[in-house]
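These are my notebook entries on a structure that is new to me.

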Amino acid sequence: MSMTPDLYVHQSLMILGQGLEPHIRAVLKAHLGNLEWTEVLRVLDEERGKYGYTYAPQDVALQLRMVTERLGNLGFPFSATDKHRTLGTFGGVLRLVRNQVAHHAELSVLDALRAVDTVRIVLDFIGDESGVSRIMELRHQVIDDLVKDHGPEDPDGPQEVLLPPQLAEAAVDAEDPVPDPAQVAEDEEVDVRGGVRESVSDRPRVARSVMWEAWEVEVVGEPEMLENLKKVAHRESVRGAVEVVVDAEGPLHRDRLVSLVCQAHGAKRATAAKRKKVEHQIGNAEVHVDTDGFVWPQGLDVDRWLLARRSTPSQRRIDEVSPVELANALETIMARRNSLTRDEAKQAVLGFFGRTKTSKSANAQLERALSVALQRGRVASEDDQLVSAAVPA
């Protein structure tokens, strides 16, 4: 059977999954004992209001989530001894690649070679010699096809890893420290190990304070792709990036999402025209946009999403935080305070996100958050004071 770029990528991800699953199991053995590692994702998803999913250890999408996401009170176990965060960096790239394949994006032979090389780096890092051998055989096939595409004027074809420069630099020069659990002691981590023994749905529904995790930009396309979204491959690349970013940061404001998707395609300062085209594709992606302009992962139960992700002003402006999340922050504050005036409540929420001063746009967002908190019954109003309300059944 003749191989195509998408088949090459499919096969490379299959080889990746066969090597990555036992590595995940081995790393988490000390933390989970005989518990299945997929239960970690089930608990995390239930905390985020996502229910009813199937969690198969062989699913490479789940494997890539494990090595790229914060795993509750386990933190980042796959980066514990790796200051370069190899699995996090290249795993993030492969999440985007897998998403493109899932959307039947039109891939080139060069795209396939980049994916194969990224898989090779991951397998080499985790010490899967058998997987590296298999992926190198696949790489030779891809290069043969690439040589045919280049024609006789380029008989040797490319012999080096064809990753975007930003990704190659990330693997070599990344100096970001591994997150220190002591720095987030004031926030609540999801109790992964305890959570696998009881259903999250059986626990009291209360808002929780956690640390916000920004999506690390992974470049998977070129700026020119944003200029010509009539091509199916370009549209699917953008939609795939939209879904990956939203899954990592959602709910996030539509403007921030557009900026991140543009950056994922090499455009750090996108023109208004490019931004408009990307924004149009949000409506075609498998995400949900609420009436406040915030984008949520599809299938997430907003009423059960009770996280307040603490962040700094340099990370997110107040008007970039969903009113739902601001309302959750207010609930965590009210759990420790008997009552607050509206102004005191707004000031307390500002402080939760590291601010002391407000602005016209921030004040409007805070007012909207107070309305959301009251409408959802998380907070009640008594004699011009806000008080903590009973958790709804």
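This is a predicted model: local features need pLDDT of at least 70, side-chain atom pairs count only at pLDDT 80 or more; totals for chains, interfaces and linings use all residues.

Are α1 and α5 roughly parallel or roughly perpendicular to each other? Residues are numbered from 1 along each chain as its sequence is written, and side-chain values use heavy atoms, with hydrogens and water left out.

**Entry 1: confidence**

I looked up pLDDT, the predictor's confidence in each residue from 0 to 100, and found that the protein chain has a mean of 83, with 84% of its residues at 70 or more. Over residues 152-186 the pLDDT is below 50, and this stretch has 48 contacts in the model beyond near neighbours in sequence, where contact means heavy atoms within 4.5 Å. Residues 196-201 also have pLDDT below 50, with 15 contacts beyond near neighbours in sequence.

**Entry 2: α1 and α5**

For names I follow DSSP runs, numbered from the N terminus: helices are H or I of at least four residues, and strands are E of at least two. The axes of α1 (residues 5-32) and α5 (residues 109-125) come within 8 Å and cross at roughly 10°; axes here are lines fitted to C-alpha atoms, for helices over the stretch in contact, and angles run from 0 to 180 degrees between N-to-C directions. The two helices α1 and α5 are therefore roughly parallel to each other, since angles under 35 degrees count as roughly parallel, over 145 as roughly antiparallel, 65 to 115 as roughly perpendicular and the rest as oblique. On the α1 side the contact includes Y8, I15 and L20, and on the α5 side V109, V116 and L123 are among the residues that meet them. By class, the contact of α1 with α5 has 13 nonpolar, two polar and no charged residues, where Ala, Val, Leu, Ile, Met, Phe, Trp, Tyr, Cys and Pro count as nonpolar, Asp, Glu, Lys and Arg as charged, and the others, Gly among them, as polar.

**Entry 3: two further helix pairs**

I then looked at α11 (residues 254-264) and α12 (residues 272-282), whose axes come within 9 Å and cross at roughly 110°, and α11 and α12 are therefore roughly perpendicular to each other. The contact draws on residues including R254, L257 and V261 of α11 and R275, V278 and I282 of α12, and it divides into six nonpolar, one polar and four charged residues.

Helix α4 (residues 86-102) packs with α10 (residues 232-249) at an angle of about 130°, their axes 9 Å apart, so I recorded α4 and α10 as oblique to each other. From α4, R95, L96, N99 and Q100 take part, and they meet α10 residues including S237, G240 and D247. Three nonpolar, four polar and three charged residues make up the contact of α4 with α10.

**Entry 4: the sheet with β2**

An open sheet of three strands has the order β2-β4-β3, with antiparallel pairing; two strands pair if DSSP finds at least two bridges between them. The edge strands, each pairing on one side only, are β2 (252-253) and β3 (287-289). Two bridges join β2 to β4 (residues 294-297), and in β4 the bridge partner of L252 is V295. Helix α10 packs on this sheet, touching β2, β3 and β4, and its direction makes about 90° with that of β4.

In the loop between α10 and β2 I found P251, which is joined to G250 by a cis peptide bond with omega of about 0°.

**Entry 5: the sheet with β7**

A further open sheet of three strands has the order β6-β8-β7 and antiparallel pairing, with β6 (339-340) and β7 (379-382) as its edge strands. Four bridges join β7 to β8 (residues 385-388); S381 has L386 as its bridge partner in β8, and E382 stands opposite Q385. Helix α15 (residues 360-375) lies across β7 and β8, running at about 95° to β7.

What do β7 and β8 form with two residues between them? They form a hairpin, and D383 in its turn has a positive phi of about 50°. I noted this value because most residues other than glycine have a negative phi, and most peptide bonds are trans.
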